[in-house]
Each structure stands twice: as C-alpha cells, then as structure tokens.
Amino acid sequence: MKTALPIAPAKISTAPLALSDIDHVRLYVGNARQAAFFYAQAFGFQVEQHHDLTTGSRSEASYLLRQGNIRLLLTTGLHEHQPACQEVAKYGDGVKDIAFTVADATKAWEQAVSHGAHAASEPTEHSDAHGSVTTASIHTFGRCVHTFVSRRGDYSLARLKSGGLFMPGYARVKDFPLNAYNAAYPCGLECVDHLVGNVGLGAMNQWVQWYSDVLGFKLFKHFDDKDISTEYSALMSKVMDSGSGLIKIPINEPAAGRAKSQVQEYLDFTNNVPGVQHLAFRCNDALETVSELRRRGVDFLRLPDTYYDKVWDRVEGELHTEVREDHNRIKELGILVDADDEGYLLQLFTMPLQDRPTLFIEIICRRGSQSFGKGNFRALFESLEREQARRGNL
Ligand code: FE2
C-alpha cells in the first residue's frame with residue numbers, strides 16, 4: 001500500500017521585498033471629487049473614504065474607491081505648488097503610484113534603495129491609537145513611484161479589505177448616492193491584472209533591468225516590432241512579472257514605423273515623460289461586465305466587424321480552444337478573443353479616460369491564458385491608429 005507523502009506547508013517568503021498585495025493605485029487628478037463620481041458612475045466603484053479639508057488635510061484631497069480587491073486613490077492638490085497640481089498641469093490626470101503591501105515598508109525601501117532605486121520619500125509612520133501605516137516610496141519610470149506600505153492594528157490589510165479605514169486621517173464617506181446603486185448593479189471588476197508603462201525610445205531594456213535588479217521581477221514575455229506593428233506604426237514590449245501571480249508590468253517603447261507609434265502619441269501629451277498607458281482590471285464574466293459598463297456609458301475602442309469573420313477560425317480552428325461564452329454576444333459587445341497553449345482570454349479596451357490621449361482601461365477575463373492577446377495586436381493597433389488619425393496624431 002502506498003503511503004501518502006506529507007504535504008509541505010506553503011512557503012511564505014519573509015524577504016523584505018516579498019509583495020503581499022497591490023495596496024492601492026493612486027491617480028493624480030485635477031478634481032478628485034468629480035473624478036470619484038466618474039469612476040463610480042462609469043466603472044461601478046464604491047466611494048468609501050476621504051481625506052480632505054474636513055478631516056484635517058490642508059494640502060491635498062483624496063478619495064478611496066474600492067471594487068473587489070482594487071483600491072483606487074484619487075488625489076488632487078489644493079494649492080498650485082502641490083505636486084499633484086503641478087503634475088496634472090504637465091501630464092494630465094494619470095497614475096502616480098502603484099503601491100505594494102509588504103511586511104515592513106522600511107526594510108523593503110532600504111533593500112530597494114540598496115539595489116539601485118532612487119528614493120522618492122523616506123519611511124514615514126502614520127499612527128494613532130488604532131494602529132499605524134508606514135509608507136516609503138521609490139521612483140520608477142517617469143512620473144510614477146512605487147510606495148511600500150506596511151499596516152498594523154486596525155489599519156491592517158485584512159481590516160482594510162473588510163471595510164476598515166485606509167490610514168489615520170481618513171473618514172468614511174457618508175451617503176454617497178451611487179454606492180447603493182453600484183451594490184445593486186455591480187460591474188464585477190475583481191483585481192488589477194496588469195499595468196503598462198510607456199517609456200521613451202531606447203529605454204525599455206533599462207527599465208526591464210531595473211524591475212529585475214530592484215524588485216526581483218522576472219521577464220515573462222518579449223514582443224518585438226514584428227509582433228506589434230501595422231503597415232504604419234510599431235512598438236516593442238517586454239512583460240515583467242512579480243513572480244507571485246500578483247502583478248505583471250509590461251514596458252512599452254516606441255519603434256520606428258512609417259507613422260507615429262501609439263507610445264509616442266502618449267509621450268507627446270506628457271512632455272515626453274514616461275507613465276502608465278493602461279490599467280487592466282480582471283473580471284470573471286466578461287459578458288456581464290462589458291454589458292454593464294456599456295450600459296453605464298463607457299466608450300470602448302471599436303473594431304471592424306471583419307474581426308469576427310476570422311477570430312473563431314483562429315481561436316477555435318487553429319488553436320483548438322473552445323470558447324464557452326455565446327459567440328454572438330461576444331460580437332455584439334465588441335469583445336476581443338485570443339488563445340494560447342494554456343487557454344483563452346477575453347479583453348476589451350476603453351477609449352482614453354480624459355481629453356489627453358493618455359490613460360485608458362483594459363477589461364480582461366482569463367480562461368487559462370496568462371498572456372496578453374498577441375493574436376489581437378494587429379486588429380487592435382489598426383483601430384488605435386484610426387483613433388490617432390481622428391485626433392490628428394498619426
Ligand atoms: Fe494590457
């Protein structure tokens with residue numbers, strides 16, 4: 001008789017740079033109060049907490065929005081010399097900080113700095129009688145930083161996930177009318193799947209090396225301009241992986257083509273300063289999610305109907321992957337489909353969220369595939385070019 005082997009306990013890393021979660025993603029915006037309404041109405045976020053003049057913040061106003069395990073922090077400066085005001089003037093609304101929860105923010109920051117990161121802000125403890133939150137930040141590409149966050153007492157991540165306060169100084173938003181509506185009509189966004197950094201020509205490899213040296217990320221995939229080019233424009237991309245299933249960060253750089261790369265269009269509207277091109281939110285039912293987002297008025301990139309003439313031959317024929325969602329509904333909702341040897345994925349991209357053609361959102365639903373929809377690149381980029389041309393930026 002065979003004896004069952006004992007199951008080894010799961011290894012929990014105690015390394016300082018073991019990232020336990022995406023603590024939050026902070027956006028600098030021109031008007032956080034109004035942006036909170038937009039993300040609540042368009043994407044179904046709960047507007048849960050605020051830190052502003054009424055709670056003692058004299059320099060910035062911030063709103064914490066939540067959906068699933070996504071925490072968005074919208075921050076606006078209250079005076080022109082505040083960094084949020086200055087950055088919005090230069091780069092428009094966009095992602096400032098991709099913050100990671102760690103066991104000890106001070107140790108994580110010290111290790112990152114010793115591995116070559118440039119400090120953005122030194123370790124600071126924010127505490128009161130209920131607990132403490134320690135934050136420390138490093139610069140990454142362009143305008144963006146990574147903040148390490150460690151939480152204690154009532155501010156622990158577990159408490160935060162079950163409705164606890166974000167950090168000392170924050171208060172719960174009372175009676176925000178869209179919160180009840182969003183609970184009744186959920187959009188189903190569950191977590192941040194990946195986010196993409198746009199960097200300048202020739203800078204991709206330097207940032208790939210940085211994520212490897214500083215944060216211990218590994219190269220997951222590499223797409224060159226042969227993969228991501230149309231007749232007119234091109235880019236190159238390398239995907240960095242945190243290694244724990246937590247997050248992937250593709251780094252894009254423009255490549256030479258007959259017309260302007262979409263990455264260069266982005267950089268033209270940020271004074272050539274790198275930043276986050278898109279945030280991808282994962283859902284578990286793409287049809288429900290996209291249907292609800294469309295009902296709420298979210299504007300998605302449009303692909304020609306001819307896309308659907310070929311997609312089933314490619315995914316189900318050539319790649320032998322059965323897509324179990326209703327094919328007609330997928331076409332009606334304009335969702336894109338791709339497959340690889342691990343399974344398939346459904347994805348769709350919004351138009352830019354603001355007048356500058358910069359940040360947009362991707363909705364992604366994974367059915368085994370851990371990739372990024374390489375089979376959709378050409379159709380997608382031709383659509384993006386049509387939009388660039390409409391904006392006079394091709
Ligand atoms: Fe993406």
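Helix axes here are lines fitted to C-alpha atoms over the stretch in contact, and angles are taken between N-to-C directions. All views show a predicted model.

**View 1. Helix H6 against strands of the nine-stranded sheet.** Helix H6 (residues 204-215) lies across S5, strand S7 (131-139) and strand S8 (145-153). With S8, helix H6 makes an angle of about 25°.

**View 2. The open sheet of 9 strands.** The strand order is S6-S7-S8-S5-S1-S4-S3-S2-S9, with mixed pairing. Strand S6 (119-128) and strand S9 (171-172) are the edge strands; each has a single partner strand, so one side of each is left without a neighbour in the sheet. Within the sheet, strand S1 (residues 21-28) pairs with strand S5 (residues 94-101) in the antiparallel sense over 7 bridges. Val-25 has Ile-98 of S5 as its bridge partner.

**View 3. The open sheet of 8 strands.** Pairing is mixed, and the order runs S11-S12-S13-S10-S14-S17-S16-S15. At the edges stand strand S11 (218-223) and strand S15 (336-340), each with a single partner strand, so one side of each is left without a neighbour in the sheet.

**View 4. The iron site.** His-194 (NE2), His-278 (NE2) and Glu-362 (OE) are the protein donors of the iron ion, at 2.0 to 2.2 Å from it. Their sequence spacing is H-x83-H-x83-E. His-194 belongs to strand S10 (residues 189-198) and His-278 to strand S14 (residues 275-283), 84 residues apart. Both histidines, His-194 and His-278, are buried. Strands S10 and S14 run antiparallel and are joined by 8 bridges; Val-192 stands opposite Phe-281 in S14.

Notes. Residues numbered from 1 in each chain as written. Predicted model: local features only at pLDDT ≥ 70, side-chain atom pairs only at ≥ 80, totals over all residues. Heavy atoms only, no water. Pairing = 2+ DSSP bridges. Helix = DSSP H or I, 4+ residues; strand = E, 2+ residues; numbered from the N terminus. Contact = heavy atoms within 4.5 Å. Axes fitted to C-alpha atoms, helices over the stretch in contact; angles between N-to-C directions. Donors = N, O, S within 2.8 Å, 3.2 Å for Na, K, Ca; no water. Buried < 20%, exposed > 50% of the residue type's maximum accessible area, 1.4 Å probe, protein only.
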